[in-house]
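Hi,

Here is the structure I promised to pass on to you. Have a look at it first, and then read on for what turned up.

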Protein chains: 2
Amino acid sequence: MQDKTTLAKKQSGRSDRSQAVSADLIAVIIAVTNGEPRVLTIGQTNALPSGPFELDHRSLQSGLRAWVERHTSHPLGYVEQLYTFADRDRIDDEHVQRVISISYLGLTREEQTERSPTHGWRGWYDYFPWEDHRAGVPSILLDILTPRLQAWADEADEPDMRHDRRQRVAIAFGFDDRDWNEELVLQRYELLYEAALVAEAKRNWHTGGVPPVPGRLMIADHRRILATGIARLRTKIKYRPVVFELMPPTFTLLQLQRTVEALAGRLVHKPNFRRLIEEQNLVEETGETMSDTGGRPAKRFRFRQTVLAERTVAGTKLPLSRG
Amino acid sequence: MQDKTTLAKKQSGRSDRSQAVSADLIAVIIAVTNGEPRVLTIGQTNALPSGPFELDHRSLQSGLRAWVERHTSHPLGYVEQLYTFADRDRIDDEHVQRVISISYLGLTREEQTERSPTHGWRGWYDYFPWEDHRAGVPSILLDILTPRLQAWADEADEPDMRHDRRQRVAIAFGFDDRDWNEELVLQRYELLYEAALVAEAKRNWHTGGVPPVPGRLMIADHRRILATGIARLRTKIKYRPVVFELMPPTFTLLQLQRTVEALAGRLVHKPNFRRLIEEQNLVEETGETMSDTGGRPAKRFRFRQTVLAERTVAGTKLPLSRG
DNA sequence: GCCTATTATTCTCCAAATGAGTATAATAGG
DNA sequence: CCTATTATACTCATTTGGAGAATAATAGGC
């Protein structure tokens, strides 16, 4: 039986060079508060929480969970691995040592806001203002992004490349009578990066190029990682009951709907939303009602225990279709 | 602006311990030949190809691509990251250094089979015989797995745990009038591991416990990684046109259907399959026909260029529904 | 107390998608 | 020329999904 270690030695004549790596964990921690999706940040709210992966943890997942809970006193409900990055040009300064960054998505609730000086929550649409379509197509997208992306596509020299750019932009941003697909968060960010329209791509905008598009900046590639997390979450809520982790113990159906809409960045049809939620037996009435919002009082619901048990495999449907 | 490096130093009092890691790439390379899904292996076909991540690659993805193409002369069509593992008990012997394994899924075609002594292809159902439902529920599942899983669930002491085990087994394997969900490959493998029914879980079967269930063994956690890859692929073919990468340049619709069925491990309704493929404009006729199989000759098709262009975001539908 | 605005909740309707079966076409081989 | 076999084209019933209408229950102004 051939061992993996043996193989590695045999196949790499310069295995010494492959040793010098260190591993970092980067966390995208999401909560939804007052109908706004928010992300846990550090520093001047321009960095995602991250830290070294320590050897005494059983696994990456438990390492992340322990690390986040230690530093934020936020229990993490749901954790899922996002992506592992190791691109050479990731770190700005000339590090000899290569860093492997393993990113995770975590869901929680923003409860005991104890005003930490090192950690804070910030609405994720501050970083991606073009992603919020709940009040219609945002003007930033119409007035600023669209013309600049068109210009970028048109400035390509070769006709093939022009066509390719136009097509990719149209698909990602829903131009030419295409529908807006809220799942393409990462593709959109990467197109903006490629077009040098975000400040992270500091290729040319301070030397005569166009200035960056609105949207809060993050260090290194953290905004790309956040985009990855948002995209994953927007995909996931459509077929797995993860909204749970973001809700308080009891809630009204409208609150649940607002949470889903906040994540998806688009509105859903209320009666259809109710129909889907109820026919899947995801929730049960608590018996209480709530009459805050000036109208007929709403019934309070909680998630059913069985759903929590089947959580890992149970399906959910929402009135949001796949692109 | 606070740098990530600074943060890491500040937050870890023992950052020296977090340095000693090395990174490995592990590849799940899939091809479909004669209607059978196959995986590229090394050694006695009991290990997935793997090797050290080398610093001179631009990114993990390009590192893997270069590595696989160098060692197999198989161009990799489609590559996607699977998962990053770093559990402490992953390596058998007492390594001081921790290994981070980054696994990838790659799709290709098994063409120039040049009988390499170090690499070989093997049908993936050799490793997971209970996953092939194309000819109905396999007898291995009915006669061997079912009673053993039931026994394992019943042997739990506490009633709560018994109920929990029964439920998880029922969901994963489709007992109690539930449907078989072909996507739950990983959940099934992990349940068998937990129940010590696969040889990798060498807890008790050689010391009085039950012998392992049929299915070819792999070293370390390679079979789990393969299960992860199969699950991902079975999910992916339902909404993204990745079957392309596994097909020859031209093919008949039945060949395409057989490939999908091979991956999904279940049969699909032929007229409906054709309807979906054609109404999505995924393919176009070449004009030629093929009359090998003793019947009316079948038209040859190829994939349309536009689809290849939109590949990253385009959707596909198949007559396989989500669980 | 009555009217109005507001939200909650329930139904209805129609179009599209899906699952499953049937009918017809074109070849090879005896 | 008949039969077996596969390809291809239709049909039909059922389920889903999107969108709007109708009704119920509260608060607040008058």
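A residue counts as buried here when its relative accessible area is under 20%. By that cut-off Phe303(B), with a relative accessible area of 10%, is buried. Please keep in mind throughout that this is a predicted model.

Phe251(A) sits in the loop between α6 (222-236) and α7 (253-264) of chain A, while Phe303(A) belongs to strand β8 of that chain, so the pair ties together parts that are 52 residues apart in sequence. Phe251(A) is buried, at 0% relative accessible area, and Phe303(A) is buried too, at 11%.

Chain B has a pair at these positions as well: the ring centres of Phe251(B) and Phe303(B) are 4.7 Å apart and their planes meet at 40°, so this pair is tilted. Here Phe251(B) comes from the loop between α6 (222-236) and α7 (253-264) of chain B and Phe303(B) from strand β8 (residues 298-303), so parts 52 residues apart in sequence are again tied together. Phe251(B) is buried, with a relative accessible area of 0%.

Other rings are worth a look. In chain A, ring pairs connect Phe128(A), Trp130(A), Tyr189(A) and Tyr193(A) into a cluster. Over the ring of Phe128(A) sits the charged end of Arg223(A), 6.0 Å from the ring centre. In chain B, Arg188(B) lies over the face of Trp180(B), 3.7 Å from the ring centre.

A polar side-chain atom of Lys270(A) is 3.0 Å from a phosphate oxygen of DNA strand C. On the base side, an N or O atom in the side chain of His269(B) lies 3.1 Å from a base nitrogen, and one in the side chain of Asn272(B) lies 3.0 Å from a base nitrogen.

Best wishes

Note on methods
Residues are numbered from 1 along each chain as its sequence is written. Chains are lettered from A and ligands numbered from 1 in the order in which they are written. This is a predicted model: local features need pLDDT of at least 70, side-chain atom pairs count only at pLDDT 80 or more; totals for chains, interfaces and linings use all residues. Side-chain values use heavy atoms; hydrogens and water are left out. A polar contact is a pair of N or O atoms within 3.5 Å; within protein, one must be able to donate a hydrogen and the other to accept it, and residues adjacent in sequence count only if both atoms are side-chain atoms. Helices (H or I, at least four residues) and strands (E, at least two) are DSSP runs, numbered from the N terminus. Buried means under 20% relative accessible area, exposed over 50%, partly exposed in between (1.4 Å probe, protein chains only). Rings of Phe, Tyr and Trp (its six-membered ring) pair if their centres lie within 6.5 Å; planes under 30 degrees apart count as stacked, over 60 as edge-to-face and the rest as tilted. A charge sits over a ring if NZ of Lys or CZ of Arg is within 6 Å of the ring centre and within 35 degrees of the ring normal.
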